[in-house]
Amino acid sequence: MTNLDEDRQQHPETIILGVDTHKDIHAAAILSSTGALLANATFATTTTGYRNLLTWAKSFGELHRAGVEGTGSYGAGLTRYLRSEGLVVCEVNRPDRASRRRKGKTDAFDAEAAARSVISGEATTIPKSADGPVEMLHIFKLAKDSAVKARTQAINQLKAVLVCAEPELREQLSPLSNPRLLAACSHLDLDGDTGPDQAARYTLRLLAERIQRLSAEIDELTSRMTAAVEAKAPQLLELTGVGPDSAAILLVAAGDNPERLVSEASFAALCGVSPLEASSGKTSRRRLNRGGNRQANAALYRITLSRLRWDERSRVYLAKRASEGKSRREAIRCLKRYIAREIHRHLTEVMRSAPLPATA
């Protein structure tokens with residue numbers, strides 16, 4: 001063994017891992033600390049594949065950091081595995097489109113670009129750990145949102161069928177409120193006749209039963225979400241205008257590892273309530289932030305509207321901002337910014353508490 005080989009073993013080179021994630025395979029690239037491409041390879045999205053990827057990467061040197069695309073979707077499993085092995089994982093956005101037009105697009109190029117974004121300092125965002133109680137809230141919310149969407153669609157379909165139903169049935173059911181309409185449709189008599197009238201009765205009954213099942217599913221999910229929020233972050237529910245749904249959305253936005261949000265300003269930017277500079281030439285101004293987590297932004301907007309209705313301090317603040325020449329939209333954005341600061345303080349307190357117990 002040469003002196004050079006002995007030196008490499010004693011002082012291994014620091015390397016950077018970049019991964020372009022997909023459903024069935026992950027493309028990986030290894031770069032030296034100076035940006036030289038060392039190797040490319042692909043691995044299966046399995047436990048064995050994750051293990052082989054890490055072993056392969058460490059064979060090139062000392063590995064501490066990795067840049068991963070899609071940490072919230074295809075790369076979620078790999079992100080959790082790399083974090084469990086002590087690596088610092090940075091969330092990487094898609095490569096710049098101008099660069100893609102010049103160089104083309106391959107998985108190897110994307111993996112290399114992920115590693116380079118870590119080296120350059122462009123990729124600094126720590127992804128959500130997605131391994132704690134907030135992830136459970138996230139899953140419940142996904143199921144509830146799809147159930148609400150399906151129920152709304154079914155209600156619209158039921159009323160569309162009712163419009164075309166036989167006059168006697170339509171006159172009987174049209175004046176009813178939604179709960180009474182569903183109850184009446186779910187008990188419609190079905191005789192043995194065939195034809196459009198019988199088909200309408202059958203469809204109305206089928207849709208009413210579907211809506212009732214979806215309503216029961218939504219109620220169950222709402223109950224589980226409410227219990228989860230009360231167990232994990234009861235302080236949020238004590239704030240004016242914050243209900244279980246809004247609290248769940250804000251908890252999901254922060255994630256299970258809120259320490260990745262280095263300040264309340266970063267949380268405000270995440271929720272899209274921080275102003276952005278839009279100055280040019282002699283014009284000096286700021287504009288509304290239309291980015292960030294739009295669900296969290298909508299939750300803050302609902303909280304703001306509730307406070308403008310029930311909280312005197314919020315109404316006084318809005319009037320003050322309006323007197324300064326700000327539009328109502330800009331004044332509401334300022335109010336949302338202060339609410340985000342208040343909620344971030346509570347989030348950082350409650351997220352350090354004990355893990356959420358499993359619900360029945």
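Predicted model: local features only at pLDDT ≥ 70, side-chain atom pairs only at ≥ 80, totals over all residues.
Lys141 belongs to helix α6, which covers residues 133–163. Leaving aside residues up to four places away in sequence, Lys141 is in contact with Met225, Ile249 and Gln295.

## Helix α3 and its packing

Helix α3 spans residues 76–84, and its buried residues are Ala76, Leu78, Thr79, Tyr81 and Leu82. These buried residues pack against the strands β1 (14–21), β2 (25–32), β4 (62–69) and β5 (88–92), and against helix α2 (47–58).

## Salt bridges

The model has 12 salt bridges. One of them joins Glu112 to Arg116, with 2.9 Å between the closest N and O atoms. Both residues are in helix α5 (residues 107–120); they are four residues apart and so separated by about one helical turn. Glu112 is buried at 17% relative accessible area, whereas Arg116 is partly exposed at 35% relative accessibility.

Arg313 pairs with Asp311 in a salt bridge whose closest N and O atoms are 3.9 Å apart. Here Arg313 is exposed, at 63% relative accessibility, and Asp311 is buried, at 12%. Arg321 forms a salt bridge with Glu324 at 3.2 Å between the closest N and O atoms, and Glu324 is partly exposed at 45% relative accessibility.

## Positive surface patch

A patch of positive charge on the surface is made up of Arg285, Arg287, Arg290, Arg294 and Arg329. Arg294 lies in helix α13 (residues 294–310) and is partly exposed, with 40% relative accessibility.

How values were computed:
Residues numbered from 1 in each chain as written. Heavy atoms only, no water. Patch = residues over 30% accessible without salt bridge, like charges linked within 9 Å, V, L, I, M, F, W, Y side chains within 5 Å. Areas by Shrake-Rupley, 256 points an atom, 1.4 Å probe, with all protein chains shown as cover. Salt bridge = Lys/Arg side-chain N within 4 Å of Asp/Glu carboxyl O. Lys, Arg positive; Asp, Glu negative; His and termini not counted. Charge placed at Lys NZ, Arg CZ, Asp CG, Glu CD. Helix = DSSP H or I, 4+ residues; strand = E, 2+ residues; numbered from the N terminus. Buried < 20%, exposed > 50% of the residue type's maximum accessible area, 1.4 Å probe, protein only. Contact = heavy atoms within 4.5 Å.
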